[in-house]
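Biologist: I have not looked at this structure before. Please take me through how to read it.

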Amino acid sequence: MNSLFVYIFLGASLAAPIGPVKTVLLNTGIKRGFFHAWAFSFGSVITDIMYMFLVYFGVGQFIEYPLIKIILWSFGCFVLMYTGIENLLTLNKVEMSWKFGKRVRLRTSMLTGFLMSLLNPLTIIFWLGIYGSILAKTAGGSTGHQIIINSLAILSGIMIVDFIMAFLSSGARKLLSDRLLIIVSIISSISMIGFGIYFGIQAYQALF
């Protein structure tokens, strides 16, 4: 793993699977357009950087405590369930938002991306597990400068995938009819609720 390209590819590979955060990113791009999807992605990347620092300085070990895990799973369950149900309850506004350009501030989309990623247990598991392992493997034979470059390469791969998803979802927004737009919103909302239920089950199991 000496090539910088390998780390960029690693970041892209890890960002490609459709999880709860990516589901909301695609939904944001379809409903609000490219810039809102990209702002959502930028907020998510800020969270990634925060977790990278936590793992780098060894603070991430505190997240291994059972109580912290229960809190994280519970918050993730609440946020995803709330977002998914809210989307289902506002399906009648999708057409109006599409035709008349419902105004939502970019910073609102960025804040949503930040909070969704911050409260997503899968994000935390990723940075503690995969990034922690990479850090442990490279720390012995690499300088601090090289570790920072490798970390930035991973973030670059993540941002490239997010950019592509934002571009594709905003392009699909222009091609979809109102009916298909609603169908896509229903599918993404059910997906969010499904992830929320999964997180809730994890929180319940962690209690016993």
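## Reading a helical model

Modeller: Start with helix 2: 11 of its 13 residues are buried, so helix 2 is largely enclosed by the rest of the structure. Keep in mind throughout that this is a predicted model.

Biologist: Which residues in helix 2 are buried?

Modeller: Buried here means under 20% relative accessible area. In helix 2 that applies to Pro 20, Val 21, Lys 22, Thr 23, Val 24, Leu 25, Asn 27, Thr 28, Gly 29, Ile 30 and Lys 31.

Biologist: What span does helix 2 reach from its first C-alpha to its last?

Modeller: Helix 2, with 13 residues, reaches 18 Å, close to the 18 Å expected at 1.5 Å a residue. After helix 2 comes Gly 33, which has a positive phi near 105°.

Biologist: How do I describe two helices that pack together?

Modeller: The general idea is to give the angle between the two axes and the distance between them. In this case, the axes of helix 2 (residues 20-32) and helix 3 (residues 34-56) come within 7 Å and cross at roughly 155°. Helix 2 is therefore roughly antiparallel to helix 3, since angles over 145 degrees count that way.

Biologist: Which residues of helix 2 and helix 3 meet?

Modeller: An α-helix has 3.6 residues a turn, so residues three or four places apart point the same way. On the helix 2 side of this contact are Val 21, Val 24, Leu 25, Thr 28, Gly 29 and Arg 32. On the helix 3 side are His 36, Ala 37, Phe 40, Ser 41 and Ser 44. By type, the residues of this contact divide into 5 nonpolar, 5 polar and 1 charged.

Biologist: Where is Gly 19, and is Gly 19 buried or exposed?

Modeller: Gly 19 lies in the loop between helix 1 (4-15) and helix 2. With a relative accessible area of 15%, Gly 19 is buried. Its C-alpha atom is separated by 8.1 Å from that of Phe 195, although Gly 19 and Phe 195 are 176 residues apart along the chain.

Biologist: What should I look at in helix 8?

Modeller: Take two residues. Asn 150 is found in helix 8 (residues 144-175). Asn 150 counts as buried because its relative accessibility is 6%. Leaving aside neighbours within four places in sequence, Asn 150 is in contact with Leu 4 and Tyr 7. Ile 147 is also found in helix 8, and Ile 147 is buried at a relative accessible area of 8%.

Key. Residues are numbered from 1 along each chain as its sequence is written. This is a predicted model: local features need pLDDT of at least 70, side-chain atom pairs count only at pLDDT 80 or more; totals for chains, interfaces and linings use all residues. Side-chain values use heavy atoms; hydrogens and water are left out. Axes are lines fitted to C-alpha atoms, for helices over the stretch in contact, and angles run from 0 to 180 degrees between N-to-C directions. Helices (H or I, at least four residues) and strands (E, at least two) are DSSP runs, numbered from the N terminus. Angles under 35 degrees count as roughly parallel, over 145 as roughly antiparallel, 65 to 115 as roughly perpendicular and the rest as oblique. Contact means heavy atoms within 4.5 Å. Ala, Val, Leu, Ile, Met, Phe, Trp, Tyr, Cys and Pro count as nonpolar, Asp, Glu, Lys and Arg as charged, and the others, Gly among them, as polar. Buried means under 20% relative accessible area, exposed over 50%, partly exposed in between (1.4 Å probe, protein chains only). The expected span of a helix is 1.5 Å times one less than its number of residues.
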